[in-house]
Amino acid sequence: MLHRTIHLFRKELRLHDNPVLLAALESSEALYPVYILDRAFLTSSMHIGALRWHFLLQSLEDLHKNLGQLGSCLLVIQGEYETVLRDHIQRWNITQVTLDAEMEPFYKEMEANIRRLGAELGFEVLSLVGHSLYNTQRILDINGGSPPLTYKRFLHILSLLGDPEMPVRNLTAEDFQRCRAPDPSLAECYRVPLPVDLKISPESLSPWRGGETEGLQRLEQHLSDQGWVTSFAKPRTIPNSLLPSTTGLSPYFSMGCLSVRTFFYRLSNIYAQAKHHSLPPVSLQGQLLWREFFYTVASATPNFTQMSGNPICLQICWYKDAERLHKWKTAQTGFPWIDAIMTQLRQEGWIHHLARHAVACFLTRGDLWISWEEGMKVFEELLLDADYSINAGNWMWLSASAFFHQYTRIFCPVRFGKRTDPQGDYIRKYLPILKNFPSKYIYEPWTASEEEQKQAGCIIGQDYPFPMVNHKEASDHNLQLMKQVREEQHRTAQLTRDDADDPMEIKVKRDRSEENISKGKVARTTE
């Protein structure tokens with residue numbers, strides 16, 4: 001018997017490589033494509049901020065348009081998940097609910113509740129994996145039921161699993177013609193809301209527009225330059241380039257507007273035609289595998305997004321300083337490189353991964369010694385590509401709470417940015433108050449004379465703040481704190497430690513570091 005199906009879009013906001021939507025179409029006589037806009041869930045569980053709201057609504061509008069081209073439509077129903085489902089399952093005589101399988105605790109709980117509702121009301125539930133390269137449970141099973149805690153071990157497990165499943169075929173109008181579409185009046189009743197309908201500020205400065213159509217266009221644009229694809233090495237990209245020096249596809253993967261399996265196999269085809277190409281962990285495919293690594297660890301680690309009760313995370317007595325945290329968040333640290341990054345984040349919802357490294361190190365082990373959980377929450381609110389697993393994993397990494405062990409490498413908030421943008425063009429764009437400073441002062445405007453500050457039209461301490469800390473003193477002190485923590489919690493630190501050095505990290509002043517190591521000293525490198 002063919003089903004009457006509600007297909008629930010959650011994160012797979014696309015029509016290409018959507019295995020559970022394809023299965024729904026093949027098993028149904030009537031299909032209702034539904035997105036439940038549960039505002040309480042999105043704000044409490046996902047902590048979605050204004051820019052991400054814009055991106056989500058744009059993605060839903062694009063999905064509605066693409067469904068319309070195939071003879072269907074998207075129904076956006078506002079309300080609490082269970083209430084909406086209970087009402088419409090009975091109203092539409094639904095016999096099946098299909099949805100994308102996700103690994104976050106709040107999505108797992110939602111699926112469990114839907115299955116309980118199915119048992120009560122008599123409908124079937126089908127969920128399939130489509131947001132990751134692999135079913136993370138298969139990786140856990142091969143690893144004895146626990147997650148591989150190092151990238152090296154993770155790659156070994158993948159070598160036993162083989163390549164990911166191929167993307168499923170594209171959907172066609174014929175697929176939808178076999179199912180009865182929702183009545184057109186429903187599309188008007190359950191239209192995609194505008195930002196103003198949700199009392200969200202209509203202004204959005206982000207250059208990233210949401211949706212599958214935009215994501216696929218960006219994908220094709222990058223893949224057309226096969227030389228760039230084959231030679232891509234993530235550590236060699238530029239954090240303060242005025243245009244993204246990486247793909248900038250992460251928001252589309254995060255929301256499911258783009259399929260990671262599609263990207264993986266398109267890359268494989270390009271690599272197969274090249275004499276030489278970069279390899280994991282720094283290649284483009286390597287970036288997808290890092291994503292998969294964090295997804296796998298997060299799926300089976302209790303309290304992954306917090307320090308307390310997290311078995312792989314060092315337990316650190318971070319400072320609680322609301323004023324300093326606020327200065328960091330609002331780009332008032334007095335370090336132009338840090339403040340420019342935080343300004344770009346707030347305005348556009350995206351920053352380069354090395355820029356993320358710089359501001360995360362500054363907040364945590366580098367300068368302010370404030371918990372990575374606080375930084376994670378800010379990124380969760382402001383980043384378009386905010387992701388439960390990757391966000392928490394990277395914050396643990398960058399605070400040296402887990403995964404990363406070369407904790408003596410501390411990013412200098414002056415020299416790091418200057419290395420790739422000595423003229424300070426990035427700072428001039430995002431901190432226009434400093435744009436008239438000569439290049440020799442742009443990263444350290446407090447070193448300019450009073451007369452030079454007047455000529456630049458910016459008095460430090462009045463128009464732009466003095467540095468909130470002495471970087472050398474703060475980082476030296478924090479380095480000793482971290483060294484003590486790691487000695488006291490050696491067993492926890494070793495859980496996520498690979499035998500080899502971290503291959504992702506940019507290494508500068510390397511010769512001096514290696515010379516010190518060869519003499520038996522611990523080398524501290526500011527990058």
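Leaving aside neighbours within four places in sequence, D38 touches G79, E80 and Y81, where contact means heavy atoms within 4.5 Å. This is a predicted model, in which local features need pLDDT of at least 70, side-chain atom pairs count only at pLDDT 80 or more, and totals for chains, interfaces and linings use all residues. Residues are numbered from 1 along each chain as its sequence is written, and side-chain values use heavy atoms, with hydrogens and water left out.

Let us stay with D38 for a moment. D38 sits in the loop between β2 (28-37) and α2 (39-44); helices (H or I, at least four residues) and strands (E, at least two) are DSSP runs, numbered from the N terminus. What does the side chain of D38 reach? It comes to the backbone nitrogen of Y81, at 3.2 Å. D38 is buried yet has no salt bridge, and the nearest side chain of opposite charge, R39, is 8.4 Å away. Here buried means under 20% relative accessible area, with exposed over 50% and partly exposed in between (1.4 Å probe, protein chains only). A salt bridge is a side-chain nitrogen of Lys or Arg within 4 Å of a carboxyl oxygen of Asp or Glu; for charge, Lys and Arg count as positive and Asp and Glu as negative, while His and the chain ends are not counted.

Next, a pair of helices. Helix α14 (residues 284-299) packs against helix α19 (residues 388-398) at an angle of about 95°, their axes 8 Å apart. Axes are lines fitted to C-alpha atoms, for helices over the stretch in contact, and angles run from 0 to 180 degrees between N-to-C directions. That angle makes α14 roughly perpendicular to α19, a label for 65 to 115 degrees. On the α14 side the contact is made by W290, R291, F294, Y295 and A298, and on the α19 side by Y388, S389, I390, G393, N394 and W397.

Now for some backbone details. Most residues other than glycine have a negative phi, and most peptide bonds are trans. The bond from P280 to P281 is cis, with omega near 15°, and P281 lies in the loop between α13 (260-272) and α14.

Finally, Q58 belongs to helix α3 (residues 50-69). At 16% relative accessibility, Q58 counts as buried.

Technical notes
A polar contact is a pair of N or O atoms within 3.5 Å; within protein, one must be able to donate a hydrogen and the other to accept it, and residues adjacent in sequence count only if both atoms are side-chain atoms. Angles under 35 degrees count as roughly parallel, over 145 as roughly antiparallel, 65 to 115 as roughly perpendicular and the rest as oblique.
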